[in-house]
Amino acid sequence: MESQKQLPKFAVLQLSGCSGCEVSLMNSVEWINNFELVYMPLVVTANKIPDDVEVLLVSGGVRTDEDIHNLRKGASRSKKVIAVGTCALSGGVAQIREEHQARETYLLSSHRLRLPGMLPRAFPLDRFVHIDLYLPGCPPTPELFMTALKDADQAKIPSIVCQECGRQKLQDMRPTTITGMRSGVTLPDICLINQGYVCVGTSTRGGCGALCTRPGHACVGCRGPANPYLNKEPKFVLDNLRRVFTRMTDIPEEEINEALESPWLSLFLDQFTDYTQDEALQLRTKEKMI
Amino acid sequence: MTTITYPLSRIEGHARVVIDIHDDEVFRADFQAMEMRGFSYYVQGVPAEQITVIVPRICGVCSTAHQVASVKALEDVFGVTPPPLAEDIREVLLLGQLIQNQATSLFIFTMPDRVNASSIFEVSESQKDKERQFSLAQSALRIRKIGTDLISLAGGQFIHPIKTVIGGVTSGIPRQKADEMIKTIEELLPITAELVDTYWQMSLEMGDRIGSWGDDEPTYYLASTEANNFRLNSNRLRLMCPEGRECQNFSPHEFGSYLQIEDSDYSYAGISSFQGEIMRANSLARINLASSMGTPKADAYLQRFVETFGRPAHAIMFFDLCRGIELVYALEKARQMLECDLEHGETEVGYTPRDGVGYGLVEAPRGPLLHHYEVENGLIKNADFIIPTVHNMLAIRRALMVVAKRYVSVDGINSELGRAVGRVVRAFDPCIACATK
C-alpha cells in the first residue's frame with residue numbers, strides 16, 4: 001500500500017452474480033501489497049475501468065445486454081482476464097432450471113423501466129471474450145484467489161476434494177440408503193459416503209481445503225469436475241460417481257441415479273457442460289484452470 | 001424536465017438513483033434496483049431438502065442469514081426442534097455475520113464519505129495522512145475478519161456456510177479454536193472501540209459541515225430483536241410506532257396481516273409497508289427498540305446514543321452510528337458465548353420430511369429476514385423471501401426526496417447532490433441482490 005502508485009493496476013468487474021466472490025477476495029487482502037486496485041464498485045467509487053489494467057477479475061454470468069457491453073469493454077482494456085466463480089464459468093445459478101417465468105417478469109418490467117434487457121439465458125464469459133485463467137468455486141476461497149493472482153503457473157492444486165478432507169473411507173460400513181442427513185448424527189473422521197450422504201468430493205476438483213466435508217456437510221461439487229472430466233459431457237463425471245457409490249455402498253441404483261441428477265448437484269457438476277455443446281467456446285485446458 | 005442519474009458504488013449490488021426535476025422543482029427521486037435474481041422461480045420444483053444449499057446463493061454478502069432462515073423454515077415444515085446447543089452455535093454464526101457486515105458498512109462503504117475519499121484503499125498525498133489511513137484500513141480489515149472467522153468457525157465457511165442443517169448443526173466449536181477466537185476478540189475490542197469513536201466524531205463533523213443529518217421525520221420501525229434480548233436467531237417480529245411505543249408484536253406466519261408487500265413501477269425490488277405507512281428496518285430500528293444490549297461496552301454506547309439523540313431517534317445518519325454500537329455488542333457477545341462449552345453435547349436431531357408450510361425468521365444485519373416455503377410431494381411448490389432491504393424502500397425514497405429538495409433550487413443543482421445521494425443510500429445499507437431475490 002505504501003508505494004501503491006507504481007504497482008500494476010488491478011480491476012474487479014461484477015456481472016450478474018451474488019457478490020460472494022468479491023467478499024471472498026476481500027479476505028485475501030494480501031493483494032493490497034501487490035496491486036493498485038483501480039476499479040471495484042463494491043468498495044471503490046470509480047465510474048469506469050481505466051485503459052491499462054494488468055489483471056481484470058470478472059465474476060458473475062452474462063445475463064443482460066449491459067453485461068456483454070461491460071465485459072467486452074473491460075476485457076479490451078486489460079492484459080489478462082481471469083474468470084472467477086461458478087457464474088462466470090457457467091452462467092451460474094440462473095441455469096438451475098428453465099427460467100421463462102423469471103424472464104417474462106423481467107422483460108415486462110424492463111420495458112416499463114428502460115433497464116438492461118435480459119438475454120435468453122445466462123452465458124459463461126468465454127462465450128464473448130478470451131479468458132486467460134479460470135478460477136472455479138462458489139466462491140473460490142481467499143487462498144485460491146491469492147494463488148490465481150500471484151503464482152498461477154506454479155500452483156499445485158489437489159486433484160480431488162478427498163485429498164484434503166481427512167475423513168477415512170471404511171470398507172465395512174455400507175449404507176443402504178442416501179438419507180444420512182436425516183439421521184441426526186454425523187460421525188467425525190469417517191467418510192460421509194459411508195454415512196449415507198450424497199458427497200461428490202471423489203470427482204470434484206480440489207483446492208478448497210475440503211471446507212464443507214471436514215465439518216460434516218457433503219461436497220456439492222462447487223469447484224466443478226476434476227481434470228479428467230474437463231471438456232467432457234456430464235455423463236462421464238456422473239458415471240464415475242455411480243462407480244464410487246456402487247463400490248462403497250449397497251444403495252439401490254435408482255436411488256443413486258435420482259440423487260445424482262438433482263438440482264443442487266447439476267448447478268455445479270454441469271458447470272463445464274457448455275464446452276461439449278457450444279462450438280463457439282474455447283476449450284478449457286487444465287493448464288488454464290486453478 | 002431534467003433527469004439526473006447517479007450510478008452507485010460502495011453498496012451491495014447494481015443500483016442507481018434517478019431524479020426528475022422540472023422548473024427547479026423535484027418531482028421524483030427514485031432508488032432503482034437494476035438487476036433481477038429470480039430465485040423464487042428457480043427453486044420451484046426443487047427437492048425441499050436441497051433448498052438450503054441453493055438459496056444462500058441469493059447473496060454472497062447475506063448468505064449466512066439466508067442459510068439459517070432457510071433451515072428454520074424447513075424445520076417448521078417438518079416439525080423439528082433443534083437442540084439448544086445448535087441454537088447457540090447459530091447465534092454465534094449470526095453474530096459473525098453482524099460483525100462482518102457492520103464493519104464493512106462502517107469502514108469500507110461509509111467512512112470514505114466522511115473524509116471525501118473514493119475508498120479506504122485510496123492513498124492520500126501527505127505522508128502523515130497516509131500513515132493514518134494505512135493503519136485505519138488495516139484495523140478495519142482485521143475487525144471485519146473476526147466476523148468472517150466466526151462465520152467459518154460456526155458455519156464451516158464464511159460465504160454460503162454449510163454447518164447449519166435441518167435438525168441442528170453438523171458439529172460443535174472445539175475449545176482450542178474458541179480460545180484462539182476469544183484472544184483475537186480481546187485484542188481487537190479496544191481497537192474497535194477506538195475506531196467506532198473516530199467514526200462517531202467524523203460523522204458529527206460531517207453533519208456540522210453539511211448542516212443536516214438527513215431525513216428525520218418520525219416513522220415506524222421493524223425488527224425481530226427484543227427490548228432486553230438482542231438475540232438474532234429470532235422468533236417474533238416487532239413494530240415500533242413513530243412516537244416510540246412498541247405497538248405490534250407478531251409471529252412470522254402472521255406477517256401478511258401486518259406487512260403489505262408489492263411490486264414497484266420504478267425498480268426490480270419490491271416495496272413493503274405497515275398498512276401503507278413508511279417503515280424502517282436495520283440498525284436504527286433495532287437500537288430504537290432496545291432498552292439494553294446486555295454487554296457492558298455496548299450498553300455504554302447505547303446510553304450515550306440515547307442521552308445525546310433521544311429515543312426514538314430518526315435522522316438517517318443515526319443508522320451509521322447504530323452500526324457502531326452493534327459492532328461492539330456483537331464482539332462482546334461472541335466472546336461471552338465462546339466462553340461457554342460449544343463443543344460437547346447434542347448438536348443435531350433426526351427428522352422425517354413431510355409436506356406443509358413453514359416460516360424461518362432471523363434478524364439479518366439489514367433487518368428481519370423471513371423465508372416462507374410450501375412443500376408438496378417433497379418438492380418446493382412455492383418459496384417467498386421477505387427481504388429486509390424491501391422494508392426500507394419507501395424510507396429510502398423519502399430520504400432521497402428530502403436530499404434532492406435540499407440541493408435543487410432556483411440557483412440550479414448543487415454539485416453536492418451526487419455525494420449526498422450516495423450518503424443517503426449507504427445509511428440504509430441496502431442489498432440489491434437480496435431485494436430482487
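Student: How many residue pairs are in polar contact between chain B and chain A?

Tutor: In this predicted model, the count is 22 residue pairs, both residues at pLDDT 80 or more.

Student: Which elements of chain B supply residues to that side?

Tutor: β3 (25-33), α1 (39-42), α2 (51-54), α4 (84-114) and α5 (127-155) of chain B each supply at least two residues of the side that touches chain A. α5(B) gives the most, with seven residues.

Student: What classes of residue make up the side of chain B that touches chain A?

Tutor: There are 33 nonpolar, 21 polar and 15 charged residues on that side of chain B.

Student: How many salt bridges are there between chain B and chain A?

Tutor: The count is one. B:E49 pairs with A:R182, and their closest N and O atoms are 2.7 Å apart.

Student: How do I read the area buried between chain B and chain A?

Tutor: About 5600 Å² is buried between the two chains, and carbon and sulfur atoms give 60% of that. In chain B, the residues that lose the most area to chain A are B:Y42, B:F121 and B:Y268, together 13% of what that side buries. As for contacts, 69 residues of chain B meet 62 residues of chain A.

Student: Now helix α12 of chain B. What should its 15 residues span?

Tutor: At 1.5 Å a residue, residues 393-407 should span 21 Å. The end C-alpha atoms are 21 Å apart, which agrees.

Student: Why is α12(B) called largely enclosed?

Tutor: Eleven of its 15 residues are buried, so the rest of the structure largely encloses α12(B). Among them are B:M393, B:L394, B:R398 and B:Y407.

Key:
Residues are numbered from 1 along each chain as its sequence is written. Chains are lettered from A and ligands numbered from 1 in the order in which they are written. This is a predicted model: local features need pLDDT of at least 70, side-chain atom pairs count only at pLDDT 80 or more; totals for chains, interfaces and linings use all residues. Side-chain values use heavy atoms; hydrogens and water are left out. Helices (H or I, at least four residues) and strands (E, at least two) are DSSP runs, numbered from the N terminus. The expected span of a helix is 1.5 Å times one less than its number of residues. Buried means under 20% relative accessible area, exposed over 50%, partly exposed in between (1.4 Å probe, protein chains only). Contact means heavy atoms within 4.5 Å. Buried area is the accessible area (1.4 Å probe) that two parts lose on being put together, summed over both. A salt bridge is a side-chain nitrogen of Lys or Arg within 4 Å of a carboxyl oxygen of Asp or Glu. A polar contact is a pair of N or O atoms within 3.5 Å; within protein, one must be able to donate a hydrogen and the other to accept it, and residues adjacent in sequence count only if both atoms are side-chain atoms. Ala, Val, Leu, Ile, Met, Phe, Trp, Tyr, Cys and Pro count as nonpolar, Asp, Glu, Lys and Arg as charged, and the others, Gly among them, as polar.
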